[in-house]
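Hi everyone, thanks for coming. Please have a look at the sequence and the 3D view while I talk you through them.

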Amino acid sequence: MTIAIEPNPAGIYIHIPFCVNKCPYCDFYSITDHSLKKEFVKALLLEMSLYKSVPPVSDTIYIGGGTPSVLKSKDIGQIIETVFNLFKITPDPEITIEVNPKTISPGSLKGFKQTGINRINIGVQSFSDDNLKFLGRIHSSIEAKEAISWAKNAGFENLGIDLIYGIPGQTEKSWLLDLKTAMQFEPDHISCYTLTYEPKTPIYNHMKSGFFSPMPDYLAGSLFELTSDFLENCGYIHYEISNFSRSIDKKSRHNTKYWSDVPYIGFGPSAHSFDGRQRSWNVRSVKDYIKNIESGLLATEEKEVLSKEQHIIEAILLGLRKKEGINISNFNMKFEINFKEVFKETISDLREKKLIILINEQCRLTKKGTLLLDSICAMFALNEF
Ligand code: SF4
């Protein structure tokens with residue numbers, strides 16, 4: 001079948017809801033009881049076949065979680081094959097799998113590679129054993145390094161690693177050591193996330209109970225600037241607040257869709273979908289998910305149609321996360337408003353404070369502005385339009 005290339009192809013996300021252990025800071029949906037793994041894979045394949053809308057052409061498949069690498073490559077292969085059979089996929093899709101260093105081996109990585117996966121993202125988080133212990137990770141620094149080498153040997157030419165900073169007790173020196181260790185492996189992509197304390201997570205409760213103090217904002221801010229300067233000096237493109245790539249073609253094509261208001265379809269428990277106007281998400285519980293799908297129903301828990309105002313503010317928030325910011329003429333065309341006119345006072349205030357830059361048709365944050373993204377978006381939201 002010949003697939004017509006569209007200007008903004010959609011993405012397909014698959015959520016694998018199993019983890020070996022639950023990390024205390026994590027608020028993604030996953031469970032450590034793997035007894036329903038087989039039934040889950042069956043239900044996932046069925047869910048895709050129950051998809052009734054006309055699917056948009058997609059150029060990315062992202063297998064995330066949870067920990068997708070707890071599944072066998074045979075299962076992953078079947079999932080990818082089903083996506084290709086049921087959906088319109090462009091000839092050169094980016095197919096990503098997230099893996100946890102403790103759940104892979106040279107053999108399993110070769111197996112994943114044979115399924116057609118061409119991008120791997122390894123959840124390293126830190127190269128310090130003390131930090132890994134604080135984060136409740138099940139792997140050690142040596143295992144993280146081994147995982148990266150194995151992935152390279154398995155032939156993955158698009159390799160990303162995730163790191164976390166802002167860990168209590170971390171210093172500029174110790175964080176720099178993590179970044180320098182990462183550089184030894186020359187990853188194609190690095191995501192550096194700040195440790196956040198999501199309500200209801202165990203780490204949040206520990207922090208609230210006074211077991212430790214979170215890193216002060218000023219220090220987390222200076223680690224952010226250090227990260228950006230260091231990785232840019234190493235030749236990486238800081239293309240989104242938390243994301244760096246070695247070249248333009250090594251940006252995460254899939255995640256860029258989330259920041260660019262492009263549709264995506266999500267399958268699996270708790271997976272979110274967006275069709276350009278409406279957001280929907282699946283039930284979280286694996287049991288309920290399987291029950292719904294087995295009875296021939298979709299597993300959608302809720303749908304939400306964005307009002308024009310919500311959509312505009314969300315597009316500003318997401319657009320400003322990207323290095324290139326918001327393309328004003330595209331924005332005006334899409335939302336039928338005059339961005340510069342509607343947000344005139346906010347723009348002039350933010351420019352005066354040197355928080356945003358407006359050049360030609362692009363509106364983007366300065367480095368200083370990047371640290372204040374949420375407050376900046378709140379200022380845009382105060383306007384009437
Ligand atoms: S391995 Fe990842 S998805 Fe699983 S609990 Fe830890 S952070 Fe969450």
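Predicted model: local features only at pLDDT ≥ 70, side-chain atom pairs only at ≥ 80, totals over all residues.

Let me start with a term: domain bounds here come from an automatic or database domain assignment. On that basis, the protein is divided into domain 1, residues 10–259, and domain 2, residues 308–381. Residues are numbered from 1 along each chain as its sequence is written.

How far apart do the C-alpha centres of domain 1 and domain 2 lie? They are 28 Å apart. The contact between them takes 10 residues from domain 1 and nine residues from domain 2, where two residues are in contact if their C-beta atoms, placed from the backbone, lie within 7 Å.

Next, helices (H or I, at least four residues) and strands (E, at least two) are DSSP runs, numbered from the N terminus. On the side of domain 1 that touches domain 2, helix H8 (217–233), strand E7 (237–240) and helix H9 (253–259) each supply at least two residues. H8 gives the largest share, four residues. By type, that side of domain 1 has five nonpolar, three polar and two charged residues. Here Ala, Val, Leu, Ile, Met, Phe, Trp, Tyr, Cys and Pro count as nonpolar, Asp, Glu, Lys and Arg as charged, and the others, Gly among them, as polar.

Let's move on to some strands. Two strands pair if DSSP finds at least two bridges between them. Strand E1 (residues 10–16) and strand E2 (residues 58–65) run parallel, joined by seven bridges, and Ala 10 stands opposite Ser 58 in E2. From E1 the chain crosses through helix H1 (residues 37–50) to E2 in a right-handed β-α-β crossover. Right-handed means that, with the strands pointing away from the viewer, the path from the first strand over the helix to the second runs clockwise.

E2 also pairs with strand E3 (residues 89–99), in the parallel sense, over five bridges. Tyr 62 has Thr 96 as its bridge partner in E3. The β-α-β crossover from E2 through helix H2 (residues 73–86) to E3 is right-handed.

Why is E2 largely enclosed by the rest of the structure? Because eight of its eight residues are buried. A residue is buried if 20 or more other C-beta atoms lie within 10 Å of its own, exposed if 12 or fewer, and partly exposed in between, with C-beta atoms placed from the backbone.

Finally, find Asp 75 in helix H2. Asp 75 counts as buried because it has 20 C-beta neighbours inside 10 Å.
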